[in-house]
Amino acid sequence: MSQTSSSAGRTVREAIRAHYGALTVSERKFAQALLDNYPAAGLASITIAAGNADVSTPTLARLVQKLGFKGYPQFQQALLAELEAKASGPTQRRDQWASEVPESHLLNRFATAVGDNIEQTLANIDSAQFDSATQLLADTERRLYVVGGRISRALADYAFTHFQAVRRRITHMTSSSATWPHYVLDMAEGDVLLLFDMRRYETNLLRLAQLASERGVAVILITDQWASPAAAHATHAFHCWTQIPSAWDSNTSTMMLLEALIAATQEANWPETRARYERLDSIFDAARLFEK
């Protein structure tokens, strides 16, 4: 681990998870306070940050060293770098990659980056949380709403197409946020909102997550490693690693997680889903949609 970031591009959040078992009770108290208000809780001075979490300054100093940082200033630099990465647009991302370009072919660099993204994503998925989210997605007594942002709406569209075949009572929210209050009007306690939000995060999606959560809707958020602010209102938040040698981020790991959720939801209600597939195929045949 370097002095300003963890090894292999690990965020401070990931470093806390990796070292959590070795932390003392007091150290865990600050770690949890930081995770609950990430990364803002770590951007104050060490005295204020420790006081806000009701721990001592020496406790916080020991914690950041356990996480692999030389001291609190380097710990803060890592958090600030994450904030900068959150806000970066395509031009800044491309410039960053261009300054670090190895001599290998672009295809090889893409393959390496995508492989690393999938590995990091899988390493940070809690299986119990995955299973819990699957139960929500498979419960047809709950209406499922699906929505994405400017770029992530393609993921929402893909999710809707598949979940519509897997289960009933699903609504694909339009890409126009001006129409969202009409959907919120019909949301009931216990319903589920599957929401996609990647950097640069969209304020309308944050507000939607808040409104849905206030109505007792379970929000399942799929975001990137830096975490959409909508995570504050999510029942389940999944972080997918997305960086590639490009001005844009990759959705490969995001699609992997989404397809895993679809497959798990399908298996959770297989008898009903199988019957639904068979009825759908008969409709396809009657409509002569596909070549025989």
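Helices (H or I, at least four residues) and strands (E, at least two) are DSSP runs, numbered from the N terminus. The model is predicted: local features need pLDDT of at least 70 and side-chain atom pairs count only at pLDDT 80 or more, while totals for chains, interfaces and linings use all residues. Residues are numbered from 1 along each chain as its sequence is written, and side-chain values use heavy atoms, with hydrogens and water left out.

**Stop 1: Thr203 and helix α11**

Select Thr203, which lies in helix α11. Thr203 is exposed, with a relative accessible area of 67%. (Buried means under 20% relative accessible area, exposed over 50%, partly exposed in between, with a 1.4 Å probe and protein chains only.) For a distance across the model, pick the C-alpha atoms of Thr203 and Ala44: they are separated by 24 Å, and the two residues are 159 apart along the chain.

**Stop 2: the sheet**

Next, show the strands. Five of them form an open sheet in the order β2-β1-β3-β4-β5, with parallel pairing; two strands pair if DSSP finds at least two bridges between them. At the edges are β2 (170-172) and β5 (236-240), each of which pairs on one side only. From one strand to the next the twist averages 15 degrees.

Select β3 (residues 192-196) and β4 (residues 218-224), which run parallel and are joined by five bridges. Leu195 has Leu221 of β4 as its bridge partner. Now bring back helix α11 (residues 203-214), which packs on the sheet and touches β1 (144-147), β3 and β4. Contact means heavy atoms within 4.5 Å. The direction of α11 makes about 165 degrees with that of β3. Axes are lines fitted to C-alpha atoms, for helices over the stretch in contact, and angles run from 0 to 180 degrees between N-to-C directions.

**Stop 3: strand β5**

Move to β5, which runs parallel to β4 and is joined to β4 by five bridges. Ile222 stands opposite Phe238 in β5. Which residues point one way from β5, and which the other way? His236, Phe238 and Cys240 point one way, Ala237 and His239 the other, and all are buried. In a regular strand the side chains alternate between the two faces of the sheet. β5 is mostly covered, five of its five residues being buried.

**Stop 4: Gly190**

Select Gly190, in the loop between α10 (180-186) and β3. Apart from its neighbours within four places in sequence, Gly190 is in contact with Arg142 and Gly216.

**Stop 5: α8 and α12**

Select helix α8 (residues 127-138) and helix α12 (residues 252-268), which pack at about 60 degrees with their axes 9 Å apart. That angle makes α8 oblique to α12. (Angles under 35 degrees count as roughly parallel, over 145 as roughly antiparallel, 65 to 115 as roughly perpendicular and the rest as oblique.) On the α8 side, the contact is made by Phe130, Thr134, Leu137 and Ala138; on the α12 side, by Leu257, Ala260, Leu261, Ala264, Thr265 and Ala268.

**Stop 6: α2 and α4**

Finish with helix α2 (residues 25-36) and helix α4 (residues 57-66), packed at an angle of about 80 degrees with axes 9 Å apart. α2 is therefore roughly perpendicular to α4. Show Ser26, Glu27, Phe30 and Ala31 of α2 with Thr59, Leu60, Arg62, Leu63 and Lys66 of α4, which make the contact.
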